[in-house]
Amino acid sequence: MRKYLAEMIGTMVLVLMGCGSAVFAGNAADTVGAGVGTLGVALAFGLSVVAMAYTIGSISGCHINPAITLGVWMSGRMSSRDASMYMIFQVVGALIGSFILALLVSSGGFDGPTTTGSNTFDPGETGQAFIAEAVFTFIFVLVVLGSTDEKGGAGNLAGLAIGLTLVLIHIVCIPITGTSVNPARSIGPALLEGGQALSQLWLFIVAPFVGAACSALVWKFFAAGRK
């Protein structure tokens, strides 16, 4: 149970800090993250991952992302039961983080373009959004699998490598979808936000899972050829 609770808390922190940067730093503008810019929001998400990696990494591995959990499970590094429980608790954590953001917005004068930092995209650019979320999740999960590999991974530097990769992905993808690459990060805010965020939620679940599955297959191919 400890590792499940760790995933819940870690995902809550990711949503609270990452989405919170978009909600509050975007104050007085219609563009997500306008106050600190794309780089500021990207850093908030990446630094949240780094912080949690060195906090709960030794307990749960710090997935805090169902797409990562899927990739790890498909790579044979965890059981089906653990994978299912991780995903459930990650979504719960995202909901808690989103609820805290919504509470903060409703109880004060500082807010932003959305209540919870939910993901949306131009309805006319569904193809672009799907490709972006799938490809960037593929890259992200591949880095996770490689940097945490027992034989050739980055060891204690894995958390830093993963967090910086997430920063890089956000810099490129924020203008397209606001960047998810994490179904839980999208589910929590969308359920509380409703509207367009909820109607488009399917893409932020399906595309990251597609990307993660491809990452697992590619990494298994790489690992199989290693002596």
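**Notes on a predicted helical model**

1. Gly225 is a friendly place to begin: this residue is exposed, with a relative accessible area of 57%. Gly225 sits in the segment that follows helix 9, which covers residues 201-224.

2. The UniProt record, in an unreviewed entry, gives "transmembrane region" for residues 38-64, 85-106, 126-145, 157-181 and 201-222. Two of these spans can be set beside the model. Residues 201-222 are 100% helix and 0% strand, and their end C-alpha atoms are 32 Å apart. Residues 38-64 are 85% helix and 0% strand, with 22 Å between the end C-alpha atoms.

3. The chain start also carries an annotation. UniProt, again in an unreviewed entry, lists residues 1-25 as "signal peptide". In the model, the chain over residues 1-25 is 96% helix and 0% strand, and the end C-alpha atoms lie 35 Å apart. Helix 1 spans residues 2-25, and this helix supplies at least two residues to the lining of the largest pocket. If you plan to look at the pocket, please keep that annotation in view.

4. Now to the pocket itself. The volume of the largest pocket is about 610 Å³. Its lining is made up of 35 residues, and those nearest the centre are Gly61, Cys62, His63, Thr148 and Ile162. By residue class, the lining has 17 nonpolar, 13 polar and 5 charged members.

5. Which helix gives the largest share of the lining of the largest pocket? Helix 2 does, with 6 residues. At least two lining residues each also come from helix 1, helix 3 (66-74), helix 4 (80-106), helix 5 (126-147) and helix 6 (158-177), as they do from helix 2 (37-60).

6. The Tyr86 side chain reaches the backbone oxygen of Ser60 at 2.7 Å. The C-alpha atoms of Tyr86 and Ser60 are separated by 8.9 Å, and the two residues are 26 apart along the chain.

7. The surroundings of Tyr86 bring several parts of the chain together. Setting aside residues up to four places away in sequence, Tyr86 touches Lys3, Tyr4, Glu7, Ser60, His63, Thr69 and Met78. His63 was named above as one of the residues nearest the pocket centre.

8. Asp82 is also found in helix 4. Is Asp82 buried or exposed? With 15% relative accessibility, Asp82 counts as buried, so the 20% limit is the one that applies here. The side chains of Asp82 and Lys3 are joined by a polar contact of 2.9 Å. Beyond residues up to four places away in sequence, Asp82 touches Lys3 and Tyr4. Lys3 and Tyr4 are also among the residues that Tyr86 touches.

9. Thr179 counts as buried at 0% relative accessibility, and Val181 is buried with a relative accessible area of 1%.

10. Helix 7, covering residues 183-193, contains Ser186. Why does Ser186 count as buried? Its relative accessible area is 2%, and buried means under 20%, which is why the label applies. The Ser186 side chain makes a polar contact of 2.6 Å with the side chain of Ser180. Apart from neighbours within four places in sequence, Ser186 is in contact with Asn119, Ser180, Leu201 and Phe204.

Terms used: Residues numbered from 1 in each chain as written. Predicted model: local features only at pLDDT ≥ 70, side-chain atom pairs only at ≥ 80, totals over all residues. Heavy atoms only, no water. 1 Å grid on protein atoms, 1.4 Å probe; cavity = no way out; pocket = protein on both sides within 12 Å on 5 of 7 lines; lining within 4 Å. Points joined across faces, edges and corners; volume = space filled by probe spheres on them. Helix = DSSP H or I, 4+ residues; strand = E, 2+ residues; numbered from the N terminus. Nonpolar A, V, L, I, M, F, W, Y, C, P; charged D, E, K, R; others polar. Buried < 20%, exposed > 50% of the residue type's maximum accessible area, 1.4 Å probe, protein only. Polar contact = N/O pair within 3.5 Å; in protein donor to acceptor, adjacent residues only side chain to side chain. Contact = heavy atoms within 4.5 Å. UniProt positions renumbered as here; feature names shortened; annotations may be inferred.
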